[in-house]
Amino acid sequence: IAKKESGSSYSFFNQQMAMNSLSKLEMGNHLRQSLDRNELEIVYQPQVDCLLGKIIGVEALLRWKHTTKGYISPADFIPLAEEIGTIASIGEWVLRGACKQMKAWHSTTVEPLAISVNLSVKQLNDERFVDKVKQILEETGLEAKYLEMEITENFAMQDEQLDALSKLRGLGIAISVDDFGTHYSSLSYLKRFPVTKIKLDQSFVRGVQTDDKDRAMIKAIISVANSFQLQIIAEGVETEEQAGFLVANGCSQIQGYYFYRPMTAEQVLPMLQGCLQNKLAFLESNPAGH
Ligand code: C2E
Ligand code: MG
Ligand code: MG
Ligand code: MG
């Protein structure tokens, strides 16, 4: 009986494994076709500076509308795209689309904003990557200083990859470390890495009201940013209390549902024009201009 039991659980395990790799294979095939089938879409989440009282930038976030499964989160398909090698073409598509969109917005707003694009470390393995980025900037007409690339902390980054990042920085592109504080390597990283900004991970923000340790982490990370003369932005801010704590402790740049959720390009435009109306509010209160 024991043998039979272990046998059946073994085959059950095998079936599960086969199912998983089959559905993964299938997902991978769909993912390869997603670009051609127009299933990918970019949404945008505004970033706010609470002290300046305005939107300072927008992060591009990828969405995949799968024909049968509906929207699939990038957290689920980006790792697959990295594994099957489609991240290069998908990443390039996002970068081109986001730069083009921001360039279009520049013509409608008083102050040009920056666009942040997430980068997979794998994209840096392509030795032509830096040239591709240069070409995309030329093609879309976006100035490099309005582009920011977000790269998730990765302790295993190789010299060639760091070199590519330095070249991007050399072009005038800003580089930010995404999900900062969630890996062991955070500090040594900042020495080797041509960083301009750190993004305080949302896991710490989550505990602002409940967890002393999260509050301590936030203060420590803000102090690290100050010591290294880096900008800092907090991610995943959902409440006024969280925003209040961050601003009081020196992190005035905020991204999160409290201000804006990720939205389509069409939905962003009124926000940016709202920004323009704020700018012009003085015309109403002081029409004579003095
Ligand atoms: P991320 O770059 O850290 O992006 C922030 C994530 O937090 C986004 O999830 C965003 O929608 C979500 N978020 C923003 N504000 C809040 C909030 O107040 N509360 C909560 N609970 N969540 C919030 P999303 O869009 O699902 O993206 C997940 C991750 O997928 C991103 O994390 C990024 O690492 C990756 N990703 C997204 N787009 C791309 C892309 O074009 N290329 C690459 N390589 N990775 C991407
Ligand atoms: Mg990001
Ligand atoms: Mg990330
Ligand atoms: Mg993050």
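The questions and answers that follow treat the metal sites and then the ligand.

User: On what basis are the residues numbered and the values computed?

Analyst: This is a predicted model, in which local features need pLDDT of at least 70, side-chain atom pairs count only at pLDDT 80 or more, and totals for chains, interfaces and linings use all residues. Side-chain values use heavy atoms, with hydrogens and water left out, while residues are numbered from 1 along each chain as its sequence is written, and chains are lettered from A and ligands numbered from 1 in the order in which they are written.

User: Which residues coordinate the magnesium ion (ligand 2)?

Analyst: Donors are N, O and S atoms within 2.8 Å of the metal (3.2 Å for Na, K and Ca); water is not among the atoms, so sites may look incomplete. Along the chain, the donors of this ion follow the spacing E-x58-N-x31-E-x27-D. At 1.9 to 2.3 Å, the coordinating residues are Glu59 (OE), Asn118 (OD1), Glu150 (OE) and Asp178 (OD).

User: How many residues apart in sequence are the parts tied together by Glu59 and Asn118?

Analyst: The magnesium ion (ligand 2) is coordinated by Glu59 and Asn118, among others. Strands (E, at least two residues) and helices (H or I, at least four) are DSSP runs numbered from the N terminus. Glu59 belongs to strand β2 (residues 54–66) and Asn118 to strand β4 (residues 114–119), so the parts that this pair ties together are apart in sequence by 59 residues.

User: Is Asn118 buried, partly exposed or exposed?

Analyst: Buried means under 20% relative accessible area, exposed over 50%, and partly exposed in between (1.4 Å probe, protein chains only). Glu59 is buried at 3%. With a relative accessibility of 31%, Asn118 is partly exposed.

User: Which protein residues are donors to the magnesium ion (ligand 3)?

Analyst: This ion lies 4.1 Å from the magnesium ion (ligand 2), and Asp178 bridges the two. Its protein donors, lying 2.6 to 2.7 Å from it, are Thr152 (OG1) and Asp178 (OD).

User: How far apart in sequence are the parts that Thr152 and Asp178 tie together?

Analyst: Thr152 is partly exposed at 30% relative accessibility, whereas Asp178 is buried, with a relative accessible area of 5%. Thr152 lies in strand β5 (residues 147–152) and Asp178 in strand β6, so the separation of the parts they tie together is 26 residues.

User: Which residue bridges the magnesium ion (ligand 4) and the magnesium ion (ligand 2)?

Analyst: The protein donors of the magnesium ion (ligand 4) are Asp178 (OD), Asp179 (OD), Glu235 (OE) and Glu235 (OE), at 1.9 to 2.6 Å. In sequence these donor residues are spaced D-D-x55-E. The magnesium ion (ligand 4) and the magnesium ion (ligand 2) lie 4.6 Å apart, and the residue bridging them is Asp178.

User: Which element gives the largest share of the shell around ligand 1?

Analyst: The shell around ligand 1 has 25 residues, of which Arg63, Asn118, Asp178, Glu238 and Tyr257 come nearest; a residue counts as near if one of its heavy atoms lies within 4 Å. The largest share, 4 residues, comes from β2.

User: Which polar side chain lies 3.0 Å from a nitrogen atom of ligand 1?

Analyst: A polar contact is a pair of N or O atoms within 3.5 Å; within protein, one must be able to donate a hydrogen and the other to accept it, and residues adjacent in sequence count only if both atoms are side-chain atoms. The side chain with a polar atom 3.0 Å from a nitrogen atom of ligand 1 is that of Gln45.
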